Amino acid sequence: MAAALSIITRSMRLIGAIASGETPTADEANDALAVMNGMLSSWRNQPLMAWTVDEIVAPVVPSQQAYTMGPGGDINTTRPLQIENARLRWNGVDYPMTVIDQAAWSLLRVKTLQSNLPQYVWPSGDYPLTTLSLWPTPTIPMEVIVGVRVPLESVASLSADIALPPGYEDLIAYGLAIRLAPEFGIAVSAEVATVYAELVRTIKRANHNAPSCRMEMATGRRFNIYAGC
C-alpha cells in the first residue's frame with residue numbers, strides 16, 4: 001500500500017523534475033494528482049488493466065427483461081467496464097447464460113419470448129447506466145450473477161493510501177512519469193518508456209484469461225428458431 005504523494009514523488013524523480021530527497025511543491029503535487037486521476041480514468045477503457053473480475057448478485061423479477069446497472073440503477077453498483085460472464089441461480093442451481101453483443105441481440109427474432117430460464121444477456125454499454133437485457137424474458141423469480149471487470153477508482157487525495165496488487169505501483173509510477181514529462185518540458189528517457197511498455201504488457205498478460213472452448217455437439221444443444229442460432 002502506498003500513499004498517492006509517494007507515487008507522485010517517485011514519478012517526478014523518474015523524469016528528473018525533482019532530485020533525490022526533494023519533494024514536489026503543493027501546487028506540483030496537486031497538479032500531478034489530477035494527471036494521475038486522468039490516467040486512471042483513461043485506463044478504464046482498457047478492461048485488461050483491471051486486475052479482478054467481481055461477481056455481482058441481483059434479483060430477477062418475473063416478466064422484467066431489462067435491468068439498469070450502475071450507481072442508482074436496478075443493480076446498484078459501480079458501472080462495470082465489461083461483463084465477463086453471467087449465470088442464473090434458481091433453487092440453488094446455477095444455469096450459465098451467454099453474453100452477447102448488439103449484433104447478436106438484433107438477430108433474436110422474437111424479443112418478447114418468455115421462459116423460466118433465460119439463455120442470453122446483452123449489456124447495452126450505455127453510460128452512466130448500462131442495461132442488461134435477458135432473453136427470453138424470465139417468468140419466475142431467481143437471481144442473476146454477473147462477472148464484471150470494475151474500473152480503477154480515482155484517488156481522493158495526496159494522503160490517500162492506494163491498495164494495489166503486485167506490479168501496479170510500478171505501473172502507475174512509470175505511467176504518471178510519462179504523462180507528467182510534457183508539463184515540465186522534459187523529454188521522457190528511453191529507459192522509462194521501455195520499462196512502462198513492459199509493465200503494461202506484464203499486467204495485461206496477468207489479467208488475461210483465455211476463453212475455454214465449449215463443444216456444443218456434446219451438449220445436445222438444438223437450433224433455436226427464435227434466436228436463429
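**View 1. Here is where helix H2 meets helix H4 in this predicted model.** Ala 32, Val 35, Met 36, Gly 38, Met 39, Leu 40, Ser 42 and Trp 43 come from H2, and they touch Leu 171, Ile 172, Gly 175, Leu 176, Arg 179 and Leu 180 of H4 (contact means heavy atoms within 4.5 Å). Sort these contact residues and you get 10 nonpolar, three polar and one charged (Ala, Val, Leu, Ile, Met, Phe, Trp, Tyr, Cys and Pro count as nonpolar, Asp, Glu, Lys and Arg as charged, and the others, Gly among them, as polar).

**View 2. Now look at how H2 (residues 26–43) and H4 (residues 168–180) pack.** Their axes sit 10 Å apart at an angle of about 110°. That makes H2 roughly perpendicular to H4 (the label covers angles of 65 to 115 degrees).

**View 3. Trp 51 and Tyr 168 form an edge-to-face aromatic pair.** Ring centres must lie within 6.5 Å to pair, and planes over 60 degrees apart count as edge-to-face, under 30 as stacked and the rest as tilted. Here the centres are 4.9 Å apart, with 70° between the planes. The partners are 117 residues apart: Trp 51 is in the loop between H2 and strand E2 (53–60), Tyr 168 in H4.

**View 4. Tyr 120 and Trp 135 make a tilted pair.** Their ring centres are 5.9 Å apart and their planes are at 35°. Both residues are buried (under 20% relative accessible area, with a 1.4 Å probe and protein chains only).

Residues are numbered from 1 along each chain as its sequence is written. Local features need pLDDT of at least 70, side-chain atom pairs count only at pLDDT 80 or more, totals for chains, interfaces and linings use all residues, and side-chain values use heavy atoms, leaving out hydrogens and water.

Key. Axes are lines fitted to C-alpha atoms, for helices over the stretch in contact, and angles run from 0 to 180 degrees between N-to-C directions. Helices (H or I, at least four residues) and strands (E, at least two) are DSSP runs, numbered from the N terminus. Angles under 35 degrees count as roughly parallel, over 145 as roughly antiparallel, 65 to 115 as roughly perpendicular and the rest as oblique. Rings of Phe, Tyr and Trp (its six-membered ring) pair if their centres lie within 6.5 Å; planes under 30 degrees apart count as stacked, over 60 as edge-to-face and the rest as tilted. Buried means under 20% relative accessible area, exposed over 50%, partly exposed in between (1.4 Å probe, protein chains only).
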